[in-house]
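My notes follow in the order in which I looked things up.

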Amino acid sequence: MALFIPSQSLVSRLMNRLPAHVERALPLVDKVILNSNRQSAHDPLHIEITESTIRIEYEALSDQYRHFSEVFFSPQSRQQVPQWLVPVDVMNLTYCGAGATVILCRKKVAAHLQQTLLQQKVD
């Protein structure tokens, strides 16, 4: 089961929309990043950035969503993944056609991406 790791272009788009001051509200046009590299119905539809979270939206219950759910509900699984990938919440609304959502902490994701970019500049 492959965990969703954003593609390089998606990381670039996220970084452009996650300034150092992560509490800053974004204009509506910058809040949603469509997954244009979507290979199947099990890949995320889009990522939505809110003031405090990053929401990964799936059309159906994919392996990626199930993995995030396992991490969310299992303390043992939480210890095996980087903290920026531990969900704040997961929601399964597929029964009513709304899909499945994984919610990550915006501050943790932003800090990880900024650290990764700094390391790449040093290397």
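**Entry 1: a bridge partner**

In strand 5, which residue is the bridge partner of I56? I looked it up and found V102. I note here that the model is a predicted one.

I then followed I56 the other way. I56, in strand 3, is also the bridge partner of I47. I47 in turn lies in strand 2 and is the bridge partner of I33. I wrote down one more pair: P44 stands opposite Y58 of strand 3.

**Entry 2: the whole chain**

I stepped back to count elements. I found five helices and five strands in the protein chain. Read from the N terminus, the elements go α-α-β-β-β-α-α-β-β-α.

I checked burial next. Of the 123 residues, 38% are buried. The accessible surface is about 7,200 Å², and carbon and sulfur atoms hold 55% of it.

I also looked at contacts along the chain. Among contacts with a separation of 6 or more, 48% are between residues 24 or more positions apart.

I went through the pairs. Strand 1 and strand 2 are antiparallel, with three bridges. Strand 2 covers residues 44-49 and strand 3 covers residues 53-58; five bridges pair them in the antiparallel sense. These two strands make a hairpin, with three residues between them. Strand 3 and strand 5 also run antiparallel, and six bridges join them.

I asked how covered strand 3 is. Five of its six residues are buried, so I put strand 3 down as mostly covered.

I turned to helix 3, residues 63-73.

Which residues of helix 3 are buried? My list reads Q64, Y65, H67, F68, S69, V71 and F72. The buried residues of helix 3 pack against strand 2, strand 3, helix 4 (75-78), strand 4 and strand 5.

**Entry 3: the core**

I looked up the largest nonpolar core. It has 15 residues. Those with the most contacts inside it are I56, Y58, Y65, F68, V102, L104 and V109. Strand 3, helix 3, strand 5 and helix 5 each give two or more residues to this core. My bridge partners from the first entry, I56 and V102, are both on the list of residues with the most contacts.

**Entry 4: T101**

I ended on T101, which sits in strand 5. Is T101 buried or exposed? T101 counts as buried, because its relative accessibility is 3% and the cut-off is under 20%.

I then asked what T101 touches. Leaving out residues up to four places away in sequence, its contacts are R55, I56, E57, Y65, D89, V90 and M91. I56 and Y65 are among those with the most contacts in the core.

The side chains of T101 and E57 are joined by a polar contact of 2.6 Å. V90 is 11 residues from T101 along the chain, and their C-alpha atoms are 5.6 Å apart.

Methods:
Residues numbered from 1 in each chain as written. Predicted model: local features only at pLDDT ≥ 70, side-chain atom pairs only at ≥ 80, totals over all residues. Heavy atoms only, no water. Pairing = 2+ DSSP bridges. Helix = DSSP H or I, 4+ residues; strand = E, 2+ residues; numbered from the N terminus. Core = buried A, V, L, I, M, F, W, Y, C linked by side-chain atoms within 4.5 Å. Buried < 20%, exposed > 50% of the residue type's maximum accessible area, 1.4 Å probe, protein only. Contact = heavy atoms within 4.5 Å. Polar contact = N/O pair within 3.5 Å; in protein donor to acceptor, adjacent residues only side chain to side chain. Areas by Shrake-Rupley, 256 points an atom, 1.4 Å probe, with all protein chains shown as cover.
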